[in-house]
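Me: I would like to go through this model by question and answer, with the terms spelled out as they come up.

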Amino acid sequence: METRAFQKIHTRITNITKATCSLKATGVGYEELAIVHGKLAQVVKIKGDTITLQIFGGTEGIPTNGEVIFSGKPPSLKVSDALAGRFFDSFGNPIDGGPEVEGEEREIGGPTVNPVRRKQPSELIATGIAGIDLNNTLVSGQKIPFFADPDQPYNQVMAMVALRAKADKIILGGMGLANDDYLFFKNVFDNAGALDHIVSFVNSTEDPPVERLLVPDMALTAAEYFAVDKNQKVLVLLTDMTLFADALAIVSNRMDQIPSKDSMPGSLYSDLAKIYEKAVQFPEGGSITIVAVTTLSGGDITHAVPDNTGYITEGQLFLRKDTDIGKVIVDPFRSLSRLKQLVIGKKTREDHPSVMNAAIRLFADASNAKIKQENGFDLTDYDERTLGFAKEYSRELLAIDVNIEIDKMLDTGWQLFNTYFTKAEVAIKEDLVSKYWPEEEGLEERRKKEPSEAKA
Amino acid sequence: MAEKAKRSRGKVISIIANLVLVEVDGPIAQNEICFIKLSNTSLMAEVIKVHEPIAYVQVFESTRSLTIDTEVEFTGNMLEITLGPGILSKNFDGLQNDLDKMEGIFLKRGEYTIPLDPEKKWDFIPLASEGDTVTAGSWLGEVTENQQPHKIMVPFKLTGTFKVKSLAKKGAYTIKEKIAAITDGEGNTIDLTMTQKWPVKVPIKVYDSKPRPFRLLETGVRTIDTLNPIMEGGTGFIPGPFGSGKTVLQHALSKQAEADIVIVAACGERANEVVELFTEFPKLDDPRTGRKLMERTTIIANTSNMPVAAREASVYTAMTIAEYYRQMGLKVLMLADSTSRWAQALREMSNRMEELPGPDAYPMDLTAIIASFYARAGYTCLNNSKTGSITFIGTVSPAGGNLKEPVTEATKKAARCFYALSQDRADSKRYPAIDPIDSYSKYLEYEGVKEYLNETIHEDWISNIASVKNFLIRGHEASEQIDILGDDGVPVTYHVDFWKSEVVDFVILQQDAFDEIDASTPVERQRYMLEKVLSICNTGFSFDAFEDVAEYFKRIINELKQMNYSEFESDKFKGHEDQLEKIIEERKDA
């Protein structure tokens with residue numbers, strides 16, 4: 001932001017905290033940007049002629065006689081097709097050594113889509129990962145986070161989803177992204193030859209935390225440009241939203257707001273909703289799908305950040321290491337895609353919902369059996385069979401390295417049912433059973449033979 | 001509100017997000033509406049605190065770029081909505097703007113629309129006659145709105161008695177045309193149209209009495225109707241952690257419940273869920289009228305990314321519309337998803353005003369606010385001896401799934417039915433995930449309700465409900481013992497008890513909301529299935545080993561589930577029933 005000749009320069013800052021400073025000025029608009037001693041800042045409170053500014057870069061070194069210049073406008077991003085393939089910082093300045101992007105200047109964090117102008121999401125996003133496609137099918141226009149502990153490979157899975165999703169544009173919003181992870185994304189996209197349809201806004205761990213607050217809005221302003229103006233299918237990746245929420249807490253704390261649960265601001269729900277609700281399917285074909293990451297501490301989903309997120313997003317994906325098969329799986333119990341009902345059995349084969357539910361129920365029986373086993377109780381024949389089923393189900397379908405078509409996933413499901421269970425135990429609607437139950441010899445046939453073999 | 005000679009004006013002196021402080025030059029009232037004149041738009045706001053001469057106002061829009069010294073105009077009114085024919089099948093926002101009338105993809109700040117269609121002609125039939133004595137809420141005439149009789153009433157704001165001076169003849173009129181004139185005791189004449197205005201935060205109270213609810217509101221959801229029924233005019237709430245199926249359950253209720261009018265307040269929830277209502281309701285056939293469900297539905301949508309202050313208003317707007325239709329003698333079902341978002345909107349505001357916080361930083365008067373809101377529901381005897389009702393079911397989204405948090409606790413005190421959604425049930429995909437043991441319906445304790453149910457469903461109904469709950473508790477206890485002592489550490493009868501409760505669970509409690517037939521079960525069918533299940537529970541079975549129990553009961557469950565999936569009393573249904581009887585015979589005690 002360059003200084004213009006007629007701009008008034010203030011030089012008397014009265015209050016400085018770690019994230020904010022205040023001064024006396026008039027004619028300032030709410031949410032307007034300013035430059036304080038060379039650092040970008042935004043108006044967060046106006047009380048009479050006292051203006052409170054949030055300093056994105058932190059207030060280190062700001063003197064009381066520092067220069068304050070108001071820009072007269074809220075934060076914005078210049079949008080055009082030239083955004084594609086570029087890397088930017090939280091303010092939208094290039095960090096890849098390339099030139100500034102020319103284009104139409106748009107305010108970030110813009111207005112809400114009228115709900116009656118939205119279309120109901122109905123396009124399936126296939127990822128090849130059965131833990132997602134079979135049990136937690138993604139739909140364009142959906143918003144869904146990975147709830148993951150920091151040691152889990154969520155960025156890898158997210159990159160995999162992004163590349164297989166066949167989106168027109170992928171927009172990466174990195175908040176507190178470690179430099180190594182940033183390079184990982186860059187490499188993966190580069191190797192896949194996908195760089196030309198990727199736009200990245202990155203706040204790395206080296207950058208001041210408050211800057212992060214701009215990243216989701218920057219990423220989504222770019223996403224809206226491609227989805228609304230160009231009718232493109234846009235996939236937005238936001239990692240890590242917990243670090244974003246931490247930045248919100250820092251600012252609200254410095255503004256003396258009363259914290260609610262887990263020291264988070266009382267407005268956390270609305271703040272997160274404003275971001276996630278940008279996910280949308282437009283009738284004209286454009287869409288914004290958001291896949292985010294919310295890191296948990298010790299798997300605690302009752303913490304304010306995952307908790308509020310869960311109420312906003314359309315489901316959540318949990319990763320977990322399955323020690324029986326030694327692989328990371330998509331947890332079928334805690335994961336959920338709320339929009340799957342719009343596509344499963346409709347855009348996919350009719351038996352999809354039944355196979356999915358039956359398999360999860362049997363998998364649940366297996367985990368009960370496992371508890372019995374751990375407590376030293378004898379297992380019944382049924383328990384033993386569920387354990388066998390669970391292991392194969394984990395390996396063949398839930399593991400994140402699976403990459404198959406949805407019909408194949410369903411066939412695999414039926415085969416596992418046939419191998420381990422009777423039709424009554426699987427309890428799927430009769431018409432589906434008669435159509436899809438495999439012909440091969442299964443448990444029921446083996447059982448029928450057994451008595452006769454015994455006689456012989 | 002007392003009329004004021006002059007509308008006050010003011011100037012913005014402070015801005016903190018959507019809380020704006022205004023220095024006012026004249027009298028203002030609590031909850032008065034004002035407009036902040038920001039360059040070419042005006043932003044609607046509501047007074048929430050007064051500290052003369054400063055008014056604290058919450059702005060229903062984003063305050064971006066607002067500067068101090070901006071002009072503010074006060075209106076002299078509280079937040080009012082327009083009541084009249086044409087509300088049904090509309091999609092309003094929290095301030096009763098017609099979302100379909102707004103142009104462009106994005107909601108423009110400061111854009112307000114007329115809620116009702118001013119040009120449409122309605123066929124009016126007079127119900128009163130000239131010379132009749134009328135009071136607020138009296139029916140003057142009737143128009144037909146989407147096949148529903150829509151009463152034209154004396155405005156609720158009027159006090160005292162009036163005489164009908166003139167009344168329009170049968171014919172077509174727009175909402176702007178005069179349809180009646182009434183005179184008060186002093187001879188002053190008031191002209192009336194088909195519409196009136198009402199401040200949303202004030203309950204409409206022009207009725208005779210609110211007796212205790214006694215009549216069942218059929219929802220088609222077995223775990224509600226059979227185990228913990230809600231009455232017409234009753235209140236209930238559904239707390240549950242995310243992912244436990246709150247929204248699916250609410251949608252099922254709105255589609256199936258036996259109500260004349262359905263008002264859905266989508267309060268601070270996901271936009272795609274509202275879109276689902278917008279998309280599906282116009283397509284859904286209304287089993288009651290054979291027409292489309294949307295024709296008797298109004299949706300008040302204030303999604304989570306729409307301005308927070310309007311979120312608070314949206315539940316009041318919805319309730320006021322519900323009360324309006326109740327005054328016509330109709331059965332209204334109002335659903336609000338979720339009241340926690342509304343409470344959070346209150347919290348955000350209280351926080352910005354730097355009020356001393358109550359538990360979890362919610363405002364101190366949260367319990368009172370929630371209680372007085374739930375109190376607006378009820379079964380009502382109108383002044384003309386007709387009845388109308390508002391059944392209200394709200395969802396609560398407890399933070400961290402913890403039912404001890406303030407919103408859940410406050411709601412528990414206000415609502416009579418409690419449908420606790422359990423994470424465990426949801427995790428094992430046992431939907432609807434309403435916990436049968438923790439949930440309750442206080443209506444089952446009402447003498448009137450007991451009599452009504454025994455009379456209309458079956459003379460043993462109440463005792464059957466008690467006994468099925470007993471089997472569930474016994475099964476739960478047995479399962480705990482099995483978990484502690486091991487499968488073979490307990491008598492076989494424990495396994496039988498556990499599996500009998502599983503039969504109840506799988507056949508009565510669980511219901512497939514996405515299956516055409518299973519989604520909604522009429523009460524007659526519920527009675528049949530309950531008796532079927534109870535007869536199994538009351539049967540003694542003999543087993544030699546515990547291993548056989550599970551397998552045997554799974555076969556029973558499978559047949560019963562197939563019955564649930566089949567058309568009632570069809571050949572398929574009966575076929576499975578015959579199979580079931582055969583299975584029972586195999587091990588039945590002599």
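Reply: Buried is used here for a residue with under 20% relative accessible area, exposed for over 50% and partly exposed for what lies in between, with a 1.4 Å probe and protein chains only. This is a predicted model, in which local features need pLDDT of at least 70 and side-chain atom pairs count only at pLDDT 80 or more, while totals for chains, interfaces and linings use all residues. Residues are numbered from 1 along each chain as its sequence is written, chains are lettered from A and ligands numbered from 1 in the order in which they are written, and side-chain values use heavy atoms, with hydrogens and water left out.

Me: What percentage of the residues in chain A is buried?
Reply: The C-alpha atoms of chain A fill a box of roughly 105 × 45 × 40 Å along the principal axes, and the chain holds 13 helices and 21 strands; helices (H or I, at least four residues) and strands (E, at least two) are DSSP runs numbered from the N terminus. Of the 456 residues in chain A, the buried share is 59%.

Me: Among contacts in chain A between residues at least 6 apart in sequence, what percentage joins residues at least 24 apart?
Reply: A contact means heavy atoms within 4.5 Å. Counting the contacts of chain A between residues at least 6 apart in sequence, the part that joins residues at least 24 apart is 72%.

Me: Which residue is the bridge partner of Met334(B) in S23(B)?
Reply: Two strands are said to pair if DSSP finds at least two bridges between them. Strand S19 (residues 261-267) of chain B is joined to S21(B) in parallel by six bridges, with Ile263(B) opposite Met334(B). S21(B) also pairs in the parallel sense, over six bridges, with strand S23 (residues 387-396) of chain B, where the bridge partner of Met334(B) is Phe392(B).

Me: Why is strand S2 of chain B largely enclosed by the rest of the structure?
Reply: S2(B) pairs in the antiparallel sense with strand S1 (residues 9-16) of chain B over six bridges, and five bridges join S2(B) to strand S5 (residues 54-59) of chain B, again antiparallel. Strand S2 (residues 19-24) of chain B is largely enclosed because the number of its six residues that are buried is five.

Me: Which residue in the turn between S1(B) and S2(B) has a positive phi?
Reply: Ile15(B) has Val20(B) as its bridge partner in S2(B). S1(B) and S2(B) form a hairpin with two residues between them, and the one in the turn with a positive phi, of about 50°, is Ala17(B).

Me: Which strands stand at the edges of the open sheet of four strands in chain B?
Reply: The order of this sheet is S10-S13-S15-S16 (chain B), with antiparallel pairing. The edge strands each have a single partner strand, so one side of each is left without a neighbour in the sheet, and they are strand S10 (133-134) and strand S16 (189-192) of chain B.

Me: Is Gln96(B) buried or exposed?
Reply: Most residues other than glycine have a negative phi, and most peptide bonds are trans. Gln96(B) has a positive phi near 65° and is found in the loop between strand S8 (91-92) and strand S9 (122-126) of chain B. With a relative accessible area of 3%, Gln96(B) is buried.

Me: What is omega for the cis peptide bond from Glu52(B) to Pro53(B)?
Reply: Pro53(B) lies in the loop between strand S4 (41-51) and S5 of chain B. The peptide bond from Glu52(B) to Pro53(B) is cis, and its omega is near -5°.
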